[in-house]
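Here is a short report for a first look at a protein structure. Please keep the viewer open while reading.

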Amino acid sequence: MNGAAGAAYSARRVRTASELRMSAHVCAGRAMGRCGTRAWQELLVLLGGLWMWGSGAQPTPPSPTSSSVPPLKFRLAGYPRKHNEGRIEVFYNEEWGTICDDDFTLSNAQVLCRQLGFVGATGWAHSAKYGKGVGRIWLDNVNCAGNEKSIRDCKHRGWGNSDCSHEEDAGVICKDERIPGFKDSNVIETEQSHVEEVRLRAVVSGAQRRLPVTEGIVEVRYKDGWAQICDEGWDSKNSRVICGMMGFPTEKKVNRNFYKLASKSQPKQKRREDVGSRKRLFAERQQLNYRLHSVSCTGTEVHISMCTFQFYRGNSSAACSTGMPAVVSCLPGPLFATSSTQKKKQRQQQQSQPRIRLKGGAKAGEGRVEVLKNNEWGTICDDRWNLLSASVVCRELGFGSAKEALTGARMGQGMGPIHLNEVQCLGTEKSLWSCPFKNITQEDCKHTEDAAVRCNIPYMGYENLIRLSGGRSRFEGRVEVAVGAAEGDEPRWGLVCGEGWGTLEAMVACRQLGLGFANHGLQETWYWDASNVTEMVLSGVKCAGHELSLSHCQHHGSSLNCRNTGTRFAAGVICSETASDLLLHAPLVQETAYIEDRPLHMLYCAAEENCLSSSARHANWPYGHRRLLRFSSQIHNNGRADFRPKAGRHSWVWHECHRHYHSMDIFTHYDILTPNGTKVAEGHKASFCLEDTECEEDVAKRYECANFGEQGITVGCWDLYRHDIDCQWIDITDVKPGNYILQVVINPNFEVAESDFTNNAMKCNCKYDGHRIWVHSCHIGDALSEEASKRFEQYPGQLNNQIS
């Protein structure tokens, strides 16, 4: 018995003895007949218990060795995963079982990863991310400090004591570095039916360095190397699964005979003749090492582990006698097409607007799923949302199969209608619209249940061409890019000129690095001067924000043009895994719009803050008036991070006239446009008070402007600018009667990073007759189909005040 158990045992004996004395004392002070029967029963029970403790439960003397306690065994399981991550399973009491994710922390993952032979953990996963286990759930409510040698030493509810289901199985992501000299005696790598990593190995000369690899021999990770799959019985369904894992939507037929040259021994002269007449194969034929055979997939699996197959046992050198290594050829999606023929063909296929899109994701191939119905974009409810349906979405959009089917608005909440519910795809459908689903009713779902996906995408190697230096963490630093790396040459690293570098460029850099969204794009980085890279190699970078790499953005090319080439003026970024997402509540603008003729003597402060049109300077102050189009605006944060001003409180500007601070000089633009887009009137709104006016249920307000408080908008809250406050208007004094478009743009200069800038604009049709104004058809800029947007812009004009 260890010290803790011995202390518990001693405490139990002390309590039992004291209880015994108390019961005896109570009855000794009474007559025998007057002592209650219950008290005597308790006394007898306590006496019996004490005898049992004394005779049968004495502390076990410490054994000379600790071998009496069988060592725990651990393994990583599940799919899809790499070798250093997965569902954590523990072998206890001669049975494999899982660990519940309740109260799970990174400290727990640290202990478990060390027991698996890795130096530590980088993260953990909840809700059976790597699939549901089977059998017992051995541990629940595990609480480690992080320095324990074994999970046995951590607090938990006890072995086998759990109130969880396998939908709550925990997973760990370990650092891809082994403990030096670690013996695998207490580690079971994986169950026999598991395949971890899969790759396509290009064998055609010239295709070795071209990315993405779309054709090659299928290989699986085995021990410290790679092994092949025998192609006996291999069919297009198997190829479809492999292509999906590699990030490609579909497979294509491959010339199997061509690859026999790479797998069969032939006379040298014959091989030389065959190779000379075709594309050249690698000169050195690798020794084949077959691992799998008899692979049989249905074509809907998201990972080959879900297919049926068999392992070769023992010596596999004579395996696959009538076959050859499985070869797969895949067709890339539009985003990753390389040849001009592929790009042209796919452009023709995409002439019509797609009816499905992803929003709010940091990387390509991930985001909230939105579908187009009745000319309006809307979301999908996550009821019964699974990998099969998610894979149909991914393939339809030109990506591979789905890595994750996300629920609970994990990619932020959408706005507008929720079009579909209980989508149930078989996995063979070409489009999500071919899958069975239920139409939504108002009571069924909320936007907190918006479905999202993470898709497999092809490996492009972009992350190897960029790095950060000097930051306090891996999420920040000075940007360094690799240029001029020819075949076999080492890349030359250099800096990016900070001139013109902003949020959009930083968004692309963070995406290329795989670090999520950008918090800030910095034009000076003197405080991160920790690298020996001093040469400026890239200037004039201008991105739209959606590119996968900085090399895809506009830039000056090889002709560097940077006024300040010192290292302090090199571009830098601060990245974040989450970002805010602001949207304007369009119906409120429509409901509250009206015209006011406001006397000039009441507009001195507004003029000081430049909230009137330029002609107001020549007015006969303080006489006369300005005609103002007023409306309320309600700005929601539907993202996954709070919206905070770029500048800290120390740099906010005090405006004496209105007696408030400006945290952002321009927070919104208000414009009146002609139908062809010409601006005829404009206004702007400084963020003199970014705060949480109201919030959704169970969301607490965090920001309040009073008493120089912190400014911002919390996730799930909104900031209301009422129609009756200064500058909440457009000065239309000089606007002639006619038909116009009212446009409101939030965060127009991209000062603060968001997960989606395409929904920052709101547009309305309006008719102004010189006395009254009708505002209608207000909508977020990307909420309508292309056809409906064109109809909106070609609006012929309002003939009367009846809005249908």
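The text below covers a sheet, a cavity and one glutamine.

This is a predicted model, where local features need pLDDT of at least 70, side-chain atom pairs count only at pLDDT 80 or more, and totals for chains, interfaces and linings use all residues. Residues are numbered from 1 along each chain as its sequence is written, and side-chain values use heavy atoms, without hydrogens and water.

**The sheet.** An open sheet has five strands in the order β34-β33-β38-β39-β40, with antiparallel pairing. Strands are DSSP runs of E with at least two residues, and helices are runs of H or I with at least four, numbered from the N terminus. Two strands pair if DSSP finds at least two bridges between them. β34 and β40 each have a single partner strand, so one side of each lacks a neighbour in the sheet. β33 and β34 pair over six bridges. Leucine 673 has lysine 679 in β34 as its bridge partner.

| Strand | Residues |
|---|---|
| β33 | 668-673 |
| β34 | 679-685 |
| β40 | 773-780 |

**The cavity.** A cavity is a set of points on a 1 Å grid over the protein atoms alone where a 1.4 Å probe fits but cannot get out; lining residues have an atom within 4 Å of a point. Helix α8 (residues 387-396) gives the most to the lining of the second largest cavity, with three residues. Arg240, Glu301 and Arg395 are among the lining residues.

**The glutamine.** Glutamine 711 lies in the loop between β35 (694-695) and β36 (717-721). Glutamine 711 counts as buried because its relative accessibility is 3%; buried means under 20% relative accessible area (1.4 Å probe, protein chains only).

How values were computed
Buried < 20%, exposed > 50% of the residue type's maximum accessible area, 1.4 Å probe, protein only. 1 Å grid on protein atoms, 1.4 Å probe; cavity = no way out; pocket = protein on both sides within 12 Å on 5 of 7 lines; lining within 4 Å.
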